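This report describes the salt bridges, nonpolar cores and selected surface and strand residues of the structure shown below.

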Amino acid sequence: MDLYGAKEYLDRAKKILSESDLHSVKYACLELRFCLEVIAYRQLKQFGNEIPGSVVGQWKPDYIIRKLASFSPESEHDGKLSIGSHNNPDEIPKEWGNIAESRAVQWKTFRKHYQTLGSYLHASMKIEDREKTIKQKTLDKIISDIEYVLSATAIVAIKNVINAKCECGESIFIGQSEFEDNELIRCTSQSCGLFWHKVTLEDGAQVLKPAKLLVFKCSCTEAISVPVEKVWDRFHCRSCRNTYRLNLGYSQVVML
């Protein structure tokens, strides 16, 4: 069973490693990197349309795995699906039988493997480093972890999300554990792109609200507010005339 659709890449990588010279190892590394990418995209697909807004449009498998780990912390852990039989539907069965198991690679391990393979696929600036090869022990570990994931008999996604309906009618989703990072998300509709931010209300409820202004402090301590539609445009501090182009990664969002 190949639920992830990555076995063909893994088989080619193992064949290359068993038959080819050291220079062909790069091709094996490429196939293994494909495996990790397929695993990430297949796991993301399990969430259907309910995926973190910050992941939409991304082509970064290690970033996707990290976001899924915050969006659904259970995605980093193995799991079992069990079924129990009982004559009375109102009672919890006392005996359960396993019917399927999910497998996972923790984000830090996934990222390490992905970057290790990627660094070996690029030529080094130093000539003396271009003949360096990846250690067989490292390859064996990566292959072992990939084989473990591909042994899964189920792909599970537990959705712990907060959602909002955009003005354009599109649904927006974000994981509850993502509230600490204060990042913006945007509507997934290409014709809209409205920015949203996360707000914790006085009663502890967590909601999404449209972002109207982005506010930050200049190096001269002057507060600067920028309308969302001006993001990426250049603008000046009214006090010291420093020039900026806003990077959303550093933004503080307020609702006005």
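Lys141 and Asp145 both belong to helix H5, four residues apart, about one turn of the helix. Helices are DSSP runs of H or I with at least four residues, strands are runs of E with at least two, and both are numbered from the N terminus. The side chains of Lys141 and Asp145 form a salt bridge, 3.3 Å from N to O; a salt bridge is a side-chain nitrogen of Lys or Arg within 4 Å of a carboxyl oxygen of Asp or Glu. Asp145 is buried at a relative accessible area of 13%, whereas Lys141 is partly exposed at 45%. Here buried means under 20% relative accessible area, exposed means over 50%, and partly exposed lies in between (1.4 Å probe, protein chains only).

This is a predicted model, in which local features need pLDDT of at least 70, side-chain atom pairs count only at pLDDT 80 or more, and totals for chains, interfaces and linings use all residues. Residues are numbered from 1 along each chain as its sequence is written, and side-chain values use heavy atoms, with hydrogens and water left out.

| Salt bridge | N to O distance |
|---|---|
| Lys141 and Asp145 | 3.3 Å |
| Arg12 and Glu8 | 3.5 Å |
| Lys14 and Glu147 | 2.7 Å |

Lys14 in helix H1 and Glu147 in helix H5 link distant parts of the chain, 133 residues apart. Lys14 is partly exposed at 36% relative accessibility, and Glu147 is partly exposed at 34%. Arg12 and Glu8 are four residues apart in helix H1, and are therefore separated by about one helical turn. A network of salt bridges links Glu8, Arg12 and Glu31.

The interior is described next. A nonpolar core is a set of buried Ala, Val, Leu, Ile, Met, Phe, Trp, Tyr and Cys residues joined through side-chain atoms within 4.5 Å. The largest such core has 30 residues, of which Tyr4, Leu32, Phe110, Leu117 and Ile146 touch the most other members. Helices H1 (7–19), H2 (25–45), H4 (107–120) and H5 (136–150) are the elements that give two or more residues to this core. The largest share, nine residues, comes from H2. A second, separate core of 10 residues includes Ala164, Ile172, Leu194 and Leu208. Leaving out residues up to four places away in sequence, Ile146 touches Leu10, Leu32, Cys35, Leu36 and Ile39, where contact means heavy atoms within 4.5 Å.

Ser102 lies in strand S2 (residues 96–102) and is buried, with a relative accessible area of 8%. Apart from neighbours within four places in sequence, Ser102 is in contact with His77, Asp78, Gly79, Ala152, Ala154 and Val156. Ile83, in strand S1 (residues 79–84), counts as exposed at 53% relative accessibility. On the surface, Ile83 forms a nonpolar patch with Leu81, Ile99, Val156 and Ile158, with about 430 Å² of accessible area together. Patches are made of residues with over 30% relative accessible area and no salt bridge, like charges being joined within 9 Å and nonpolar side chains (Val, Leu, Ile, Met, Phe, Trp, Tyr) within 5 Å. Accessible areas come from the Shrake-Rupley method with a 1.4 Å probe; for residues, only the protein chains shown count as cover.

Arg241 sits in the loop between strand S10 (234–236) and strand S11 (243–245). Phi of Arg241 is near 70°, a positive value in a residue other than glycine. Most residues other than glycine have a negative phi.
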